[in-house]
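Please read it with the viewer open.

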Amino acid sequence: MRPRWINRLPLLFAVGLVVHMAFMVYAYAAGYFQRLESWVYDIDGTPDGLLVSASDNKIRLWQQRRCLKTLVSPQDVVRCLSLSTDGTLLASGAVDHSVLLWSVAQARPIWRLSEHHGIVTQVCISPDKQWLISQSMDSTLCIWQLPVVKLVKRLPTQNTGFSLSPSGQLAYCDRQANLVLLDLKTQAVLWRMPQIMGKPQFSPRGDQLAWIDTTSHCTVFTPRTHQRIVSFSLGKHTSRAIGFTPDSKQLLVAKWGGVIELWDWRKARRLTQFYAYVLASVEDLRFDALDRLQTAGNGSIKYWDVASQHLLFSIGDGAYRLALLNWLNSWLVLTLAVSYVVLGTANDPTYARYTILGILTLWSLGLLLLVDRVRSWRGSWALGGLWTMVGLTLLSFLLYFFSFVSLVSIPIGFYFGYVYLNRSPTSWSRSALPLLLLLASTFFVLSILDDVLYYIPFSGR
């Protein structure tokens, strides 16, 4: 029983490797390998889990870590975006001063708005899809009526951001640094209060309004009565990314350097802090329908459990792909190692032979099946072929950019080593050096696979 179990061991490892590669193909097709090229400037989402992100001139639509679609914007660099609650309309603002209104279903822009004369810093589609608000570095805020896309009002503002409540109340900072609350339906100013220049933020239900000024001081109001509830200092280095938790009991504040602080705003007390991005700013934060915190920043979107400050997962940083490639590396090396051990120790090396041939066939895209069918080869050719493959591998490493050649030369080299060892079992030492070189090369090739795959176009990319 023992020799039979040993003989089948390489086959079990090979089955695991094939299953792993099949899952990698699925993950690749599903878009789980997606890696963003640059900074994520803004994110927004819908209650059913659809998420959009802006990075350079690309807008990506995500669903549960999967990149569904990539919209290449004709704008220069997309700095802000907003998705309607039903996921049918998308607004994007860019550094070329334009605002585009997209049809998500058609994956194309349907309106181009060019009323701004500076970089567009924030856009928002109202929950009822009746209004589009945009703000720019030209110190203006534009209110557009939808679906006719008509400019209703242009307001002089400070470029510090605005906030829209579920009931259609718009809060912003005017030129005199007043906190202004405006009703979108009537276009009437509900109240105006002198403040230091800052950024407003409504709570999810719209029953609180936080104001964080440029001195990192936070004041929370009741919008209906414009009464001040509490006022306290947040400390230094506060950025513009702020937000209430879904229950409105805490306030999240991003600090420069990638830190997020959680505050009990009623008690004016900081509860905890954690690093979302190391030495990089948090560009945006929001909560999804499952009350998970989503943050945008340095090349990735991260999902957090705020209660434990635990990172649930991230998308766009290539970590999922890297983990799969590391496991693939381990599977391949273990399978080859077990196969060669069984080949030298077992009474019947049939399983080891078929395992090695199967693995190498997989890696050389079927070339080894053709080689195996050529029965006229002599054993003396195998060692020469092995060293030839070693030379090609080392040459491709020197050129680096052609290192993908090693993905074929390494498997064929291992095949030549297998043929040589099988026909000359007493001469292991003569082929040990090239085999060791090929084994070391395998680690190198698998380590750069991530860079090779990076340049392959993905579904949804």
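Predicted model: local features only at pLDDT ≥ 70, side-chain atom pairs only at ≥ 80, totals over all residues.

1. Overall make-up. The chain holds seven helices and 28 strands. Of its 461 residues, 54% are buried. Its accessible surface is about 21200 Å², and carbon and sulfur atoms account for 60% of that. Take the contacts between residues at least 6 apart in sequence: 46% of them link residues at least 24 apart.

2. A four-stranded sheet. β21, β22, β23 and β24 form an open sheet, in the order β21-β22-β23-β24. Pairing is antiparallel. The edge positions go to β21 (238-244) and β24 (269-275). Each has a single partner strand, so one side of each lacks a neighbour in the sheet. From one strand to the next, the twist averages 25°.

3. The β23-β24 pairing. Strand β23 covers residues 259-264 and is joined to β24 by six bridges. The two strands run antiparallel.

4. The largest nonpolar core. It has 15 residues. L252, I260, A276, V282, L285 and L293 have the most contacts inside it. The elements giving two or more residues to this core are β22 (250-255), β23 and β25 (284-287). Two of these, β22 and β23, also belong to the open sheet of point 3. As background, nonpolar side chains tend to be buried together in soluble globular proteins.

5. Which residues does V282 contact, leaving aside its neighbours within four places in sequence? The list is S239, A241, A254, G258, I260, A276, Y277, T295 and A296.

6. A second core. A separate core has 14 residues. C80, L89, W144 and V149 are among them.

7. S92 sits in strand β6 (residues 89-94). Is S92 buried or exposed? S92 has a relative accessible area of 0%, so it counts as buried. Its side chain makes a polar contact of 2.8 Å with the side chain of Q75. Another polar contact, of 2.9 Å, joins the side chains of S92 and W102. Beyond its neighbours within four places in sequence, S92 is in contact with I59, Q75, V78, C80, L81, S98, V99, L100 and W102. C80 in that list is also part of the second core.

Conventions: Residues numbered from 1 in each chain as written. Heavy atoms only, no water. Pairing = 2+ DSSP bridges. Axes fitted to C-alpha atoms, helices over the stretch in contact; angles between N-to-C directions. Buried < 20%, exposed > 50% of the residue type's maximum accessible area, 1.4 Å probe, protein only. Polar contact = N/O pair within 3.5 Å; in protein donor to acceptor, adjacent residues only side chain to side chain. Contact = heavy atoms within 4.5 Å. Areas by Shrake-Rupley, 256 points an atom, 1.4 Å probe, with all protein chains shown as cover. Core = buried A, V, L, I, M, F, W, Y, C linked by side-chain atoms within 4.5 Å.
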